[in-house]
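Visitor: I'm new to this one. Could you show me how to read it, step by step?

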Amino acid sequence: MDASVNEKPSFHGAVAEHIRLLNFGRDVASKLIEDPRIRKAAAPILLHHDLHKRNIYVLDEDPTTITSIIDWQSSSINPAFMHANDEPDFAAHIPTPDEHSQSEDLPAGYNAKLCNQAFIAGVRLLMPKLCATWELDDDVARFFEYCHRTYRDGAGILRQVLMDLANRWKELALTGSCPYPLPTSEERLAHGEEYKALEHAQELKKFVTSRLNTASDGWVPTEAWKEALENHKELYDEFLQNMSEEELKEVWPFDKPCSVVAV
């Protein structure tokens, strides 16, 4: 359901800008890795890159017993700091509006919180190399998270990350000066508009995937496929009531829905 690479929205950024920012990102990474704090979090680590619920099989009669884990093809060895913000979907903490309320949503939110706490405890006990990355400053961790992903997230996100690092370079006690030059006021204005559009698209994607109960890439179980298609078209048509199809196509996270054909 994801749109193809050739159909990226205008706010995703021109190819030349991606290349420019990636080159600056490489220079910044070369400087950061000289820092002892970052080298401490750079130990090589082997991880499954798609360790989510859909790839974990359990016994029907005992869901606490794992029988197999699939989709290992993307597994690789990387510096631990590349995974500082990784969090599988089964460990994502979903806070309730009031964690002490007695609303009907409390059990689901409470269970999600327990899973998150169990995941954190497990990492601390069994994966100390990964645990060490949690001590990194948030802006540094965000740089390593996004420095290689402009093709997916858009140029504006890496630009914002580089700007945040450049602004805090001395505050973070990093040596020398940041290789990324701070933009001019005109460039900041243009970036602000692009970044706002990117944030809007990201919020829309979170909303759509939540409403359709899909993974971020649009994956749904086979048995839920037809219902997901129907709900997708209904949600798309709902948004069309308030914006043009061209405007919606620019920000919609998936392909334009088609009619469901009965089999």
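Guide: Let's begin with surface: accessible areas come from the Shrake-Rupley method with a 1.4 Å probe. This is a predicted model, and the protein exposes about 16600 Å². Carbon and sulfur atoms supply 55% of that area.

Visitor: How much of the protein counts as buried?

Guide: Of its 263 residues, 33% do.

Visitor: What about helices and strands: how many are there?

Guide: You'll find 10 helices and four strands. Along the sequence they run α-α-β-β-β-β-α-α-α-α-α-α-α-α.

Visitor: And how should I think about the inside?

Guide: In soluble globular proteins, nonpolar side chains tend to be buried together. Here the largest nonpolar core has 38 residues, and Val28, Leu32, Phe143, Tyr180 and Trp252 have the most contacts inside it. Helices H1, H5, H7, H8, H9 and H10 each supply at least two residues of this core. H7 gives the largest share, eight residues.

Visitor: Which residues does leucine 32 touch, leaving aside its neighbours within four places in sequence?

Guide: Leucine 32 is in contact with Ile38, Phe143, Phe144, Leu165, Trp169 and Leu174. There's also a second, separate core of eight residues, including Ile45, Ala80, Phe119 and Cys131.

Visitor: Why does cysteine 131 count as buried?

Guide: Buried means under 20% relative accessible area. Cysteine 131 counts as buried because its relative accessibility is 15%. Cysteine 147 is buried too, with a relative accessible area of 16%.

Visitor: How many disulfides are there?

Guide: The count comes to zero.

Conventions
Residues numbered from 1 in each chain as written. Predicted model: local features only at pLDDT ≥ 70, side-chain atom pairs only at ≥ 80, totals over all residues. Heavy atoms only, no water. Core = buried A, V, L, I, M, F, W, Y, C linked by side-chain atoms within 4.5 Å. Buried < 20%, exposed > 50% of the residue type's maximum accessible area, 1.4 Å probe, protein only. Contact = heavy atoms within 4.5 Å. Disulfide = S-S within 2.5 Å.
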